[in-house]
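Please open the structure in a viewer and keep the selection tool at hand.

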Amino acid sequence: MKTLLLAISVATATFVSASAQETVKTLYNGEPKQVTWSNTITFTADQFTDGVAVGNYISIKTSATSSAIELKANGTWLPGSREYNPGNTAEEKEFRTYITADMLTWLKEYGLELCGDLTLTEASVCNDGFVMPQGAIWGGLSWVDNWSSLFIFKTAFDNYDGQRYMDIYLSEADLDGFTGYFLQVMTQFDNPGALWAGNDAITHEAGKAIVDLKDINVKEALAGVNTLIIQGNKESGNPFNITAVALRPESS
């Protein structure tokens with residue numbers, strides 16, 4: 001796989017208003033770059049060693065896409081990243097990936113590889129005031145309306161150490177209290193053996209859904225798949241965002 005190296009251009013899960021957004025580092029801003037699965041782009045590790053923090057986000061802007069988009073490092077998926085499936089479109093889009101603690105460790109050691117079939121127009125690290133919860137393995141915004149799914153690459157669990165609970169943080173302001181939303185967690189669709197927790201097995205609150213991992217061998221359950229899937233439906237309530245996924249030991 002051919003990789004093009006780009007040098008740096010000089011220049012409780014919560015969010016703050018868009019007016020507080022700032023660019024922490026510009027990774028690329030120039031002529032549009034064609035990216036394919038065989039000709040990817042790598043942003044080197046030194047671009048993430050200073051000034052980049054947990055809770056910042058990686059902004060990837062495109063003018064065209066024709067496949068899924070993945071962020072990789074060290075030959076595999078970047079921990080804390082998700083799979084994006086924008087489809088075949090010539091629309092301008094922005095994809096945001098919020099930086100977890102494990103992700104930052106990888107970025108500082110290996111850098112970042114952008115994979116897919118797309119036209120890159122800009123890449124940067126930005127800050128909008130998002131606060132990553134303690135123990136977070138993923139953070140950001142994943143919209144839940146009618147049967148929406150969040151695909152988190154399994155490398156988010158590389159440092160899993162027997163934590164009892166997985167907390168799924170929800171945008172409480174959108175929910176306006178618990179109104180019967182539906183969530184389920186699995187590694188494959190239409191496979192009962194791949195279901196980690198159905199809706200009835202999840203503890204539902206207005207701002208958090210709690211999955212008990214006591215009877216799940218997490219590493220074994222992820223061995224033959226690429227992603228953990230969190231599927232949701234607003235049911236009779238309002239659409240909402242999943243804003244973070246965190247692991248928590250039983251004693252906390």
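**Before starting**

This is a predicted model, in which local features need pLDDT of at least 70 and side-chain atom pairs count only at pLDDT 80 or more, while totals for chains, interfaces and linings use all residues. Residues are numbered from 1 along each chain as its sequence is written, and side-chain values use heavy atoms, with hydrogens and water left out.

**Stop 1: the whole protein**

The protein has three helices and 18 strands; helices (H or I, at least four residues) and strands (E, at least two) are DSSP runs, numbered from the N terminus. Along the principal axes, the C-alpha atoms fill a box of roughly 50 × 40 × 35 Å. The radius of gyration, taken over C-alpha atoms, is 18 Å, which agrees with the value near 18 Å for a compact globule of 252 residues (the globule rule is 2.2 Å times the number of residues to the power 0.38).

Now display the surface. The accessible surface comes to about 11400 Å², and 45% of it belongs to carbon and sulfur atoms (Shrake-Rupley method with a 1.4 Å probe; for residues, only the protein chains shown count as cover). Of the 252 residues, 51% count as buried. Buried means under 20% relative accessible area, exposed means over 50%, and partly exposed lies in between (1.4 Å probe, protein chains only).

**Stop 2: a sheet of five strands**

Select β10, β18, β12, β16 and β15, which in this order form an open sheet with antiparallel pairing. Two strands pair if DSSP finds at least two bridges between them. Strands of a sheet pair through backbone hydrogen bonds, either parallel or antiparallel. At the edges are β10 (136–144) and β15 (203–204), each of which pairs on one side only.

Two bridges join β15 to β16 (residues 208–212), and His204 has Ala209 of β16 as its bridge partner.

Next, select β12 (residues 165–170). Is this strand enclosed or open to the outside? Six of its six residues are buried, so β12 is largely enclosed by the rest of the structure. Tyr165, Asp167 and Tyr169 point one way, whereas Met166, Ile168 and Leu170 point the other way. In a regular strand the side chains alternate between the two faces of the sheet.

Five bridges connect β12 with β16, and six connect β12 with β18 (residues 240–248). Met166 shows both pairings: its bridge partner in β16 is Val211, and in β18 it stands opposite Leu247.

**Stop 3: the nonpolar cores**

Select Phe157 and Ile242. These residues have the most contacts inside the largest nonpolar core, which has 31 residues. Such a core is a set of buried Ala, Val, Leu, Ile, Met, Phe, Trp, Tyr and Cys residues joined through side-chain atoms within 4.5 Å. Strand β18 gives the most to this core, with four residues.

Keep Ile242 selected and display its surroundings. Beyond its neighbours within four places in sequence, Ile242 is in contact (heavy atoms within 4.5 Å) with several residues, including Trp138, Leu150, Ile168 and Leu183. A second, separate core of 26 residues includes Leu27, Ile58, Ile99 and Val125.

**Stop 4: the salt bridges**

There are eight salt bridges, each a side-chain nitrogen of Lys or Arg within 4 Å of a carboxyl oxygen of Asp or Glu. Three of them are visited here.

- Select Asp167 and Arg248, whose side chains meet at 2.6 Å, N to O. Asp167 lies in β12 and Arg248 in β18, 81 residues apart. Asp167 is buried, at 2% relative accessibility.
- Select Asp145 and Lys234, with their closest N and O atoms 3.3 Å apart. Asp145 is in the loop between β10 and β11 (148–153), and Lys234 is in the loop between β17 (227–233) and β18. Asp145 is partly exposed at 23%, and Lys234 is partly exposed at 21%.
- Select Asp128 and Arg96, which meet at 3.8 Å, N to O. Asp128 is in the loop between β9 (118–127) and β10, and Arg96 is in β7 (residues 93–98). Asp128 is buried, at 3%, whereas Arg96 is partly exposed, at 28%.
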